[in-house]
Amino acid sequence: MDQLPALLGVLVGTGGTILATLIADRSRWQRQQAARWDERRLQAYVEFANAVKEVHTYALRIANLNALRHGVDREHALARMEEADIRRTKTWESVLLLGDAASITAAREWRAAVTDIARYARGMTSAGFELAAGLGHANETRDRFYQAARASLGIRGSAVPQSDWLAGKLDIRTQQDA
């Protein structure tokens, strides 16, 4: 009976140690999982952004080639834009799977804005679409995507909007200029 308090102390200490170890292991596992998914989310956002930007770049080149009436480079650029569009479609699935609601919404808006520009480049837009306004809208939606993606990843500080800066850099040729 004299050893009962000591035995109870050992049992309580052992139980406490096991419980503390389980809690610490679970917490460490959750942190590792969060970091793992953050890495994959970052990769999905970067791949998607690169694919959308590639479509955007080719569409703008084609639009300028249309205005300048150069045919040979246009066909090559159209083929490259189609390849980039396929990449964009594939990377979209990763954003849908891994992104949060705000990032997915912003990505969808950016994708739609760039799609409008690509349609213009292909000569498939409806009447009333203006390239300059479309580019401005695409740049604004791009800024919103980066802002949402940074928040989703827990990146501190605000994203630096590029749309105003890009608006001053645009060299858009219209059919009247050519």
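Here are some questions and answers about the predicted model shown above.

User: Before we start, what kind of model is this, and how are residues numbered?
Analyst: This is a predicted model, where local features need pLDDT of at least 70, side-chain atom pairs count only at pLDDT 80 or more, and totals for chains, interfaces and linings use all residues. Side-chain values use heavy atoms, with hydrogens and water left out, and residues are numbered from 1 along each chain as its sequence is written.

User: How many helices and strands does the protein have?
Analyst: Helices (H or I, at least four residues) and strands (E, at least two) are DSSP runs, numbered from the N terminus. Going from the N terminus, the elements run α-α-α-α-α. That comes to five helices and zero strands.

User: What is the helix content over the stretch UniProt lists as "transmembrane region"?
Analyst: The unreviewed UniProt entry lists residues 6-24 under that name; UniProt positions are given in the numbering used here, feature names are shortened, and annotations may be inferred rather than shown by experiment. In the model, the end C-alpha atoms of residues 6-24 are 27 Å apart, and the chain there is 0% strand and 100% helix.

User: How many aromatic pairs are there?
Analyst: Rings of Phe, Tyr and Trp (its six-membered ring) pair if their centres lie within 6.5 Å; planes under 30 degrees apart count as stacked, over 60 as edge-to-face and the rest as tilted. By this rule the count is eight.

User: F48 and W92: what class of pair do they make?
Analyst: F48 lies in helix α1 (residues 4-68) and W92 in helix α2 (residues 72-98), so this pair ties together parts 44 residues apart in sequence. Both F48 and W92 are buried (under 20% relative accessible area; exposed is over 50%, partly exposed in between, with a 1.4 Å probe and protein chains only). Their ring centres are 5.6 Å apart with planes at 45 degrees, so the pair is tilted.

User: And W110 with Y146: which of the two is partly exposed?
Analyst: The ring centres of W110 and Y146 are 6.0 Å apart and the planes sit at 50 degrees, so this pair is tilted. W110 lies in helix α3 (residues 101-122) and Y146 in helix α4 (residues 131-153), so the pair ties together parts 36 residues apart in sequence. W110 is buried at 1% relative accessible area. At 31% relative accessibility, the partly exposed one is Y146.

User: Which arginine has its charged end over the ring of W92?
Analyst: A charge sits over a ring if NZ of Lys or CZ of Arg is within 6 Å of the ring centre and within 35 degrees of the ring normal. W92 belongs to one aromatic cluster with Y45, F48, W110, F145 and Y146. Sitting over the W92 ring, 4.1 Å from its centre, is the charged end of R111.

User: Is S152 buried or exposed, and what does it touch?
Analyst: S152 lies in helix α4, and at 16% relative accessibility it counts as buried. Contact means heavy atoms within 4.5 Å. Leaving aside neighbours within four places in sequence, S152 is in contact with R41, Y45, D100 and S103.
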